[in-house]
Amino acid sequence: MWQLNLPSYKFTTKIEKDKIYIFDNQRKKYVRLTPEEWVRQNFIKFLIEEKNYPAGLIAIETQIIINGIRKRCDAIIYTQDKKPLIIIEFKSPEVEITQTTFDQVAVYNYKLNVDRFILSNGIQHYYCALDVNNKKYQITSDIPDYKDI
């Protein structure tokens, strides 16, 4: 598998018709294992096991409609009362996190209106939180524990 800048986890996989599938605990089904999916599976496990995010508040591949166009968020973390809290965008390890990645999340945020994002390609991780007073995002590579957001 692809080497990531995350702890090592065990996953259930299977091979069908020469393609590898990984069991997604959040969606409760096997999904095709791509480099981006590998990042998603590892990062979600990292959030749950290392950063104590409640698994029940994390939704994968959530569809939203913006100006009549269907978009799909890689993951959204919700509050206890089911309001969007954090948008997460995953990229393959070979894809650099750039302004274009931030812009993609900004499009999703047009609909979801959150003040936090996480961007990761499995190597680089960014946590972005809106600084309301200065009207700009504070960006760090440290992903906070759930209790600290």
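Helices (H or I, at least four residues) and strands (E, at least two) are DSSP runs, numbered from the N terminus. The model is a predicted one, in which local features need pLDDT of at least 70 and side-chain atom pairs count only at pLDDT 80 or more, while totals for chains, interfaces and linings use all residues. Residues are numbered from 1 along each chain as its sequence is written, and side-chain values use heavy atoms, with hydrogens and water left out.

**Along α2.** Stay with residues 99-112, the 14 residues of α2, which at 1.5 Å a residue should span 20 Å, in agreement with the 19 Å between the end C-alpha atoms; the expected span is 1.5 Å times one less than the number of residues. Next, colour Thr101, Val105, Tyr108, Asn109 and Leu112, which are the buried residues of the helix. Because they cover an arc of only 105° around the axis, they lie on the same side of α2, the arc being that of the directions from the helix axis to the C-beta atoms. An α-helix has 3.6 residues a turn, so residues three or four places apart point the same way. Turn to the other side of α2 to find Gln99, Thr100 and Tyr110 exposed.

Now select Asn109, which is buried with a relative accessible area of 13%. Leaving aside residues up to four places away in sequence, Asn109 touches Ile87, Val114, Phe117 and Tyr137. Just after the helix, look at the backbone of Asn113, which takes a positive phi of about 55°.

Move to Glu94, in the loop between β6 and α2, which counts as exposed at 56% relative accessibility. Apart from residues up to four places away in sequence, Glu94 touches Trp2 and Pro35. Asn121 is 27 residues from Glu94 in sequence, yet the two are 7.6 Å apart in space, C-alpha to C-alpha.

**Aromatic rings.** Show the side chains of Phe, Tyr and Trp, whose rings (the six-membered one for Trp) pair if their centres lie within 6.5 Å, with planes under 30 degrees apart counted as stacked, over 60 as edge-to-face and the rest as tilted. By this rule there are 7 aromatic pairs. Tyr53 is buried, with a relative accessible area of 2%. Then select Phe43, Phe46 and Phe90, which ring pairs link into a cluster.

For a charge over a ring (NZ of Lys or CZ of Arg within 6 Å of the ring centre and within 35 degrees of the ring normal), select Lys14 and Tyr30: the charged end of Lys14 sits over the ring of Tyr30, 4.3 Å from its centre.

**The cysteines.** Finish with Cys73 and Cys128, which are both buried, at 0% for Cys73 and 1% for Cys128. A search of the whole structure finds 0 disulfides, a disulfide being a pair of cysteine sulfur atoms within 2.5 Å.

How values were computed: Buried < 20%, exposed > 50% of the residue type's maximum accessible area, 1.4 Å probe, protein only. Contact = heavy atoms within 4.5 Å.
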